[in-house]
Amino acid sequence: MPSGKPEAVALGSATLLALSAPVALTAGSAFVSSNAGPSHPQRSPALRVTQGHGSNALRPARGVAAAAGVTVSTAVLGAAAAMRRSRRPVRVAVRAVDGQWQPRTSGWEPAELQAERARAQAMPEPGNYNGPRYMGPGSVTDVFIDALLAQQQNGVILPQKDIYLMVLDVIDILRNEPTMGQVSIPAGQSLTVVGDLHGQYWDFMNLLSMAGKPSPSSPFIFNGDFVDRGSWSIEVITTIFAMKLKDPQHVFLNRGNHEMLETNILYGFAGECGSKYDMDLFNLFSEAFRNLPLCHLVDQKVLVLHAGLPGPDPRIWMPGQTHDPTDSIPLGALPSLQDIGAVDRYMEIIPTAYAESIGPTTTEKQVVDTRIMIDMLWGDPRGGDGYGPSYRKGKGVYMFGPNVSEAFCQKNGLQAIIRSHEVKADGFRWDHQKILSVFSAPNYLDTGNNKAAFLKLARAADASVAIEPVAFSAVPHPDLPPMHWQEHITQNYSHLTRTMKKKVSELSFDEFGDSDFEGLMNFDEWEPDEAEQFQEAFKVDQYGRDLKSD
């Protein structure tokens, strides 16, 4: 390109057009407005479709080998702003536009899941395959898992029929789990907490060799970001799902920001599904991810969630706010654990939702739930008190200070909070007195030079929870670069893509103690040029929301 700046690829707006109202797809027809049934004042309780600028694209971390990033625009995800289990959703089943595949943007009805199961059961039996077969949850034993691990290390994955049925059975389990699960450490035993794995299968195998495998006497919490970035995400998620099926009451899964439709299309998992199986399986995985719990409470003392604590209320955004810890949004009201447990998690967060989350205090459930989900999937700790802007998105994602974590723990009677989401040089770090981060993907993206860690939790003599980090280093893996399978998207689904400009920055972000460590930030964003950001800062109201130009 004439500018000489790096380029990446983003999902184009032509795929779903710019929908401005909920739509329904009827057999043999085009998209039509869903006007039937009772009207809903102000906002649909099922799907809220809004138009936006779509400028919040995503930036791959530095050092990723030439794989192009892909970001999901409002046009693709606008029809999936929220999918509610409590009320029948407006149907938006996007299969194809002009014969071209599109990601499904609607939740699955029970009847649809039943039909998909029948389709999977009718798939042909695999030929020339001698590995373990999935014949239902009861078929997953220690022998099955050992055989699965061994064959995946040799490049052999489960047959297509088996993986479809496995994901469908996991969906059945997850749909019946609460947003905030309860976990108890077995007497005299330990609980293992695993951070981000990001498709680094060989490092995951090394972790299991050290921590052991999950069992009734050794429960595990997998704290999100199982997939994306690494090029063996199928192997990692297949293993985790097999363990969940074997011990559903002793293997617990939290949703991370890489269990989202948007990021999966961006960072390799969608392409890996299409390369190793097919794109319809990706749609089924997306349904499983939408049903994942957001957090787990261990012995009423330790909360385990993927990323951050709830943001400021009212949700203020201050244009021009810096990362200086003295420049902050003050602490306000904080939700209780009961409030978090009541969140309806069954939704996709669309690209415009981050900026749209900014605004005054409200009791509208959909708005409150979306705000909490954004924070729990994307937020990070910061060095100074109060709240500050995140590095990850243009607007609407916050960093939270030590007074926030202290007040949240005090209000909810918590000893500590365990989160993941960020690379840590030693694999773990006490970011605040009561905030412990754990990251389980060593030498992240083959360039991080970071260690990884997992945590062992046990009951201490004083009735508290003892937390022991166990660090480890990367092990060799086959010569395949990170995000290798993203080419499947860029080469086979070019109708989804458009070119975007990447902002390159060599700034150091350690000066105020908010970053992971010098030279390695876990960026998950693209940004407009600084000049554009500067101009846009003057086009907002008191809450940071865009003002309409005359």
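Strands S12 and S14 (residues 398-400) run parallel to each other, paired over 2 bridges; pairing here takes at least two bridges found by DSSP between the strands. Helices (H or I, at least four residues) and strands (E, at least two) are DSSP runs, counted from the N terminus. All of this comes from a predicted model, where local features need pLDDT of at least 70 and side-chain atom pairs count only at pLDDT 80 or more, while totals for chains, interfaces and linings use all residues. Residues are numbered from 1 along each chain as its sequence is written, and side-chain values use heavy atoms, with hydrogens and water left out.

Back to the sheet: it is open, has 3 strands in the order S12-S14-S13, and its pairing is mixed. S12 (380-381) and S13 (387-389) sit at the edges, each pairing on one side only. Asp380 is found opposite Met399 of S14.

S16 (residues 428-432) and S17 (residues 435-438) are antiparallel and joined by 4 bridges, with His432 opposite Ile435 of S17.

Then there are the nonpolar cores, sets of buried Ala, Val, Leu, Ile, Met, Phe, Trp, Tyr and Cys residues joined through side-chain atoms within 4.5 Å, where buried means under 20% relative accessible area (1.4 Å probe, protein chains only). The largest has 67 residues, and Phe222, Phe241 and Phe285 have the most contacts inside it. Helix H4 (residues 160-174) supplies the largest share of this core, 9 residues. Another core, of 36 residues, lies apart from it and includes Trp317 and Ile374.

Notes
Buried < 20%, exposed > 50% of the residue type's maximum accessible area, 1.4 Å probe, protein only.
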